[in-house]
Amino acid sequence: MTDAGQWISDYGYIAVVVGSIIEGETIAFLAGIAAHKHLLSYPLVLLLTFVGATAGDFTLYMVGRRFGTQILSRFRRQQKKIQRFQQRVREHETWLILGMRFAYGFRTVGPIIIGSSGVKLRKFVLFNVIGAAVWAFSVVTLGYAASEVLFRLFAHEHQRRIAFVVLMVALLLILIGVKWYRSKQADSNDA
């Protein structure tokens with residue numbers, strides 16, 4: 001079992017809330033699987049995932065409102081990107097608040113940048129609640145639904161071996177792709 005899966009097994013609903021605050025997708029997905037296996041209650045997992053996501057993003061938004069400029073100024077190399085994103089926040093506040101948790105790598109810094117961009121508290125709270133509800137329902141339900149498929153798909157040793165090889169090849173291709181993308185980004189930044 002993965003570390004996140006073991007954490008859910010050991011700490012149950014506390015792991016769901018804390019994991020939704022800190023990490024997000026993996027915990028919510030695994031909690032959905034645990035709910036499908038009747039280790040946790042599906043409605044309670046949905047609620048606690050929503051609560052954790054909302055609380056975590058609200059806290060980071062408040063940090064951004066209060067300390068965002070100081071925090072973001074420490075990322076000297078990223079200042080152009082941060083300023084560009086802050087401009088996008090001002091232009092598309094609603095959509096960025098709704099979608100921030102769906103953008104990989106943006107879940108932690110997103111609310112801080114949004115908070116530092118002058119987005120009104122009421123607006124953030126409203127759209128953060130809506131976005132968290134959609135996100136929690138989507139990810140937990142995906143885990144719940146995928147559980148049956150995954151357990152049937154990998155029920156036999158032969159299937160697990162094939163899946164392992166496919167997964168290793170996919171990871172290798174992803175790593176090569178990321179390395180290629182980063183080298184292209186470095187080349188374009190140098191130009």
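Helices here are DSSP runs of H or I with at least four residues, strands are runs of E with at least two, and both are numbered from the N terminus. Okay, with that in hand, let's look at the model. It's a predicted one, where local features need pLDDT of at least 70, side-chain atom pairs count only at pLDDT 80 or more, and totals for chains, interfaces and linings use all residues. Residues are numbered from 1 along each chain as its sequence is written, and side-chain values use heavy atoms, leaving out hydrogens and water.

First, the record. The unreviewed UniProt entry annotates "transmembrane region" at residues 12–34, 40–64, 126–150 and 162–181; bear in mind that such annotations may be inferred rather than shown by experiment. Take residues 162–181: the chain there is 100% helix and 0% strand, with the end C-alpha atoms 28 Å apart. Now residues 12–34: 91% helix and 0% strand, but end C-alpha atoms 9 Å apart.

On to packing. Two packed helices are described by the angle between their axes and the distance between the axes. The axes are lines fitted to C-alpha atoms over the stretch in contact, and angles run from 0 to 180 degrees between N-to-C directions.

So how do H2 and H3 pack? H2, residues 25–36, and H3, residues 42–73, sit at about 165 degrees, axes 9 Å apart. That makes H2 roughly antiparallel to H3 (over 145 degrees counts as that, and 65 to 115 as roughly perpendicular). On the H2 side, the contact (heavy atoms within 4.5 Å) uses Ala28, Ala31, Gly32 and Ala35, and on the H3 side Tyr42, Val45 and Thr49. By class, that's five nonpolar, two polar and no charged residues.

In the loop between those two helices you'll find His38. What is its phi? Positive, about 65 degrees, although His38 isn't a glycine. Most residues other than glycine have a negative phi. His38 is also exposed, at 69% relative accessible area (exposed means over 50%, with a 1.4 Å probe and protein chains only).

Next pair: H4, residues 79–91, packs on H6, residues 109–116, at about 70 degrees, with axes 9 Å apart. These two are therefore roughly perpendicular. Phe85, Gln86 and Val89 of H4 meet Ile113, Ile114 and Ser116 of H6, giving four nonpolar, two polar and no charged residues.

Last stop, Trp95, in helix H5, residues 93–99. Buried or exposed? Exposed, at 66% relative accessibility. Trp95 lies 34 Å from Tyr11, C-alpha to C-alpha, and 84 residues away in sequence.

Terms used. Parallel < 35°, antiparallel > 145°, perpendicular 65-115°, else oblique. Nonpolar A, V, L, I, M, F, W, Y, C, P; charged D, E, K, R; others polar. Buried < 20%, exposed > 50% of the residue type's maximum accessible area, 1.4 Å probe, protein only.
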